[in-house]
Structure formats: structure tokens, C-alpha cells
Amino acid sequence: MLGLTVGQAATEAPPTNLVLLVDVSGSMGDAEKLPLLKESMARIVKGLRAEDRVSIVTYSGVEEVVLKGASGDDAEAILSAINGLEAAGSTNGEAGLSMAYRVAEETHIEGDVNRIVMASDGDLNVGISSEDELNAFVSEKRGQGTYLSVLGFGSGNYQDAKMETLADHGNGSYHYIDSADEAARVYERFLAVGAVPVADDVKLQVEFDPRMVESYRLIGYANRTMADEDFRNDGADAGELCAGAELTVAYEVVLTDEGRRREGDEPWLTCAVRHQPAGEQAGEAPAEQRFAVGRESWSAEPGDDWSLAAAVVEFGMLARDSEFVGTATADDAAALAESSASSLDATDRAARRELTDLIRQAQRNAAFDGVVAAS
């Protein structure tokens, strides 16, 4: 497990120009979609300040600017606009995105944080709808300095791949919202006014020492891999990270006989991190750091965070019916998730036990054949 953390911003968060792009098409009428979306948007608005700007754009068969450039402390006007949203019509996401980028440009705050937050179930059935076309469209727009984050809602016909494509190529983050608690966590960690972009085009490259590592496999991130030569190609787009962000990368590693020995200090691998500075440092030369990982990182008794990550990895392989799942079961994943909360306070323990509950719920779901069979 490789864990990386971005340091906190050294100064107070700059003003934020926020454009809320809301899907109000007929498919958003379910209780788990637009009503939950409204509650999520209300959480985003709650932490805004007078120096922040808020606009709201809706789209269905037609697109509309419901609110433009309102002061962040005008909660009454913002919440009134959000609560008045109703679902009806088809879904022209292309037109909605075009209008949102236009509004973001018209209300742009030079040198500060400009962000579109798109909320939808991804069922784009009018205008551009293919992933490749969405990629090209958003890639062209990101040059104006506006980040695009995406919130996904609903199930059934939910278009996960399209939503992630938009965020990946819009230099933003993608989050799936299935509850009010999850909406609160996403707001707190990613969308609050303190979520200041500090690193653009963040890339990781891991180099294994063949004397120590016989073979390895990256777990997850299959749609985020790049060619080796693109690591130092500053024209190759990658993701952005905000102050305080954390991410975890997991590998399955088979060590050589030399690698399994406990003596010596030779590293098994070197992790290089490269990024383009964002925010006040935008335009500066790319920065690169290198970290060696070896025997000093070996632990016979992994901590709670490791157990949580391992539970997520194991459950993910079961959910996707991975060829590498081996003898793993949903019971194993649930036990790991439960153990990861053992030494935490009540609040953090409750949050982690949600994963255990999710795994158990999947076990009870007859449609979830992979986990049921594995258990």
C-alpha cells in the first residue's frame, strides 16, 4: 500500500467561483436522485462566504441559468433556487455543460478557484453522449482555468463511465452520492471552500527493483494508467489534487528470495510523483519527488488504515469477479473492515462500519452473484 498526502494550504482559502450544474431531466425524478441532490447542494452552499460567487445552471431538454453570480452569503436566494428545481424532459448534457462553462467564464475570478460542480445520473440522451466525444469536449474547455467536479446520483440506468470521464478530463474529482452522510463527507473533503487545488496533472510512477520483486500487479486504477514516457510529458493530462487530499495505491507483489530476507536496506521500489503547481503557483515549472520503499516499511501487524484499504481491495475484487480473487470471501472482507475500526473513536468507527454494512448488504442481495458465490 502506498499512501500519499497533500499538505494543507499555508494561507486562507481564496474566493471561489462556483457554478452548480444540475440535471433536472425526467430520469432525475426518483427519490434517490433529485431530492438527495438538493440536500447535497444545500450542504455545499452552507459553507460559502461573502467573497464567493454562486451560479446555478439547469439542463434537461432545455438549459437555463437559474442564478448567476450571487454572493456566497446570500443563502436565502441560493437555497430558494435549489429547492425550486423539478425534474422533467430529456437530457442534453452537452448543452448544459456549454452553458455552465460560459457562465463560469463570465463570472470568472482571476487567480482564484473557479469550479463547476455537475450533478446528474449520467443518462445523457441528447447531444454528445459517447465517452470519446465527452472527453474531447471537456478537454477543450478545461483550458479556460475552470475545474469540473462531478456528483453522481441514483442506480439502475446510472452511467458511471460517462460521469467519471467528465471529471477525469475536466481536471476535477468524481464522487458517487448515495446518502446524506456521504454528501456531507464529499463536501467536507473535496468541495468546501477550503478545497484549494494545489497540484494539477498529478502522476505517479512506481519502479520495482527486479532483484527484490519477482512480479507485481496494480490493483484498480485500470482506467488511469498512462504510457511510461508520458510521466514526464507535461502535455499529457492527469488529475488534480486539493490541499489536504489523500490517496492510496495498492499493488500485489511477489518478492524474490533476496527481497524476502529481512536484512539490508535496499529498496524494493521507488515511487516518483510529478505535478504541475496550481493556484498561486500556476505556471511554475513542474515539480517531482521520489520516495524509496523497502524493508523499513514492512509490518507483520498492519494498522487500522491498512486493514481498511485491504478490505476495500478484497471486496472490490469480489464485486468485479476478479480472476485474482483466490480464496477471498465477503466474510473475510467484512471482518477486515470491522477490525479496521477497533481502535477509533465513535464517529470514525461508525463511518468505517458503513463499509461492513455495505458488504453484508451485498451478501444478502441475490443479484450480487460474485459475493454470494464466494461466501
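Trainee: Where does Pro 210 lie?
Mentor: In this predicted model, Pro 210 belongs to the loop between β8 and β9.

Trainee: Is Pro 210 buried or exposed?
Mentor: Pro 210 is exposed, since its relative accessible area is 65% and the cut-off for exposed is over 50%.

Trainee: How far is Pro 210 from Gly 259 in space?
Mentor: The C-alpha atoms of Pro 210 and Gly 259 are 9.3 Å apart, while the two residues are 49 residues apart in sequence.

Trainee: What about Asp 209, is that residue buried or exposed?
Mentor: Asp 209 is found in the loop between β8 (197-208) and β9 (213-219). Its relative accessibility is 16%, so Asp 209 counts as buried.

Trainee: Which residues is Asp 209 in contact with, leaving aside neighbours within four places in sequence?
Mentor: With those neighbours set aside, Asp 209 is in contact with Pro 267 and Trp 268.

Trainee: Moving to backbone angles, what is the phi of Asp 201?
Mentor: Asp 201 has a positive phi of about 50 degrees, although it is not a glycine. The residue is placed in strand β8. With a relative accessibility of 15%, Asp 201 counts as buried.

Trainee: And what is the phi of Asp 321?
Mentor: For Asp 321 phi is positive, about 55 degrees, and this residue is not a glycine either. Asp 321 is found in the loop between α8 and α9. Its relative accessible area is 60%, and Asp 321 is therefore exposed.

Trainee: Now the helices on either side of that loop. At what angle do α8 and α9 cross?
Mentor: The axes of helix α8 (residues 304-319) and α9 cross at roughly 155 degrees and come within 8 Å. That angle makes α8 roughly antiparallel to α9, because the cut-off for that term is over 145 degrees. The crossing of α8 and α9 is left-handed.

Trainee: Which residues in α8 and α9 meet?
Mentor: From α8 the residues are Asp 304, Ser 307, Ala 310, Ala 311, Glu 314, Phe 315 and Leu 318, and they meet Ala 330, Asp 332, Ala 333, Leu 336, Ala 337 and Ser 339 in α9. Sorted by class, the contact of α8 with α9 has eight nonpolar, two polar and three charged residues.

Trainee: How do α9 and α10 pack?
Mentor: Helix α9 (residues 330-339) and helix α10 (residues 346-364) pack at an angle of about 165 degrees, and their axes are 8 Å apart. The two helices are therefore roughly antiparallel to each other. The crossing of α9 and α10 is left-handed.

Trainee: Which residues in α9 and α10 meet?
Mentor: In α9 they are Ala 330, Asp 331, Ala 333, Ala 334, Ala 337 and Glu 338; these meet Arg 353, Leu 355, Thr 356, Ile 359, Arg 360 and Gln 363 in α10. By class, the contact of α9 with α10 has six nonpolar, two polar and four charged residues.

Trainee: What is the handedness of the crossing of α1 and α2?
Mentor: The axes of helix α1 (residues 34-46) and helix α2 (residues 75-83) come within 10 Å and cross at roughly 165 degrees. This makes α1 roughly antiparallel to α2. The crossing of α1 and α2 is right-handed. Lys 38, Met 41, Ala 42 and Val 45 of α1 make the contact with Ile 78, Leu 79, Ile 82 and Asn 83 of α2. The residues of the contact of α1 with α2 divide into six nonpolar, one polar and one charged.

Trainee: What span should helix α3 have?
Mentor: Helix α3 (residues 93-106) has 14 residues and, at 1.5 Å a residue, should span 20 Å; the end C-alpha atoms are 20 Å apart, which agrees.

Trainee: Which residues of α3 are buried?
Mentor: The buried residues of α3 are Gly 93, Ala 95, Gly 96, Leu 97, Met 99, Ala 100, Tyr 101, Val 103 and Ala 104.

Trainee: How far apart are Ala 292 and Lys 68?
Mentor: Ala 292 and Lys 68 are 49 Å apart in space, C-alpha to C-alpha, and 224 residues apart in sequence.

Technical notes
Residues numbered from 1 in each chain as written. Predicted model: local features only at pLDDT ≥ 70, side-chain atom pairs only at ≥ 80, totals over all residues. Heavy atoms only, no water. Axes fitted to C-alpha atoms, helices over the stretch in contact; angles between N-to-C directions. Helix = DSSP H or I, 4+ residues; strand = E, 2+ residues; numbered from the N terminus. Parallel < 35°, antiparallel > 145°, perpendicular 65-115°, else oblique. Left-handed = near helix turned anticlockwise from the far one by under 90°. Contact = heavy atoms within 4.5 Å. Nonpolar A, V, L, I, M, F, W, Y, C, P; charged D, E, K, R; others polar. Expected span 1.5 Å × (residues − 1). Buried < 20%, exposed > 50% of the residue type's maximum accessible area, 1.4 Å probe, protein only.
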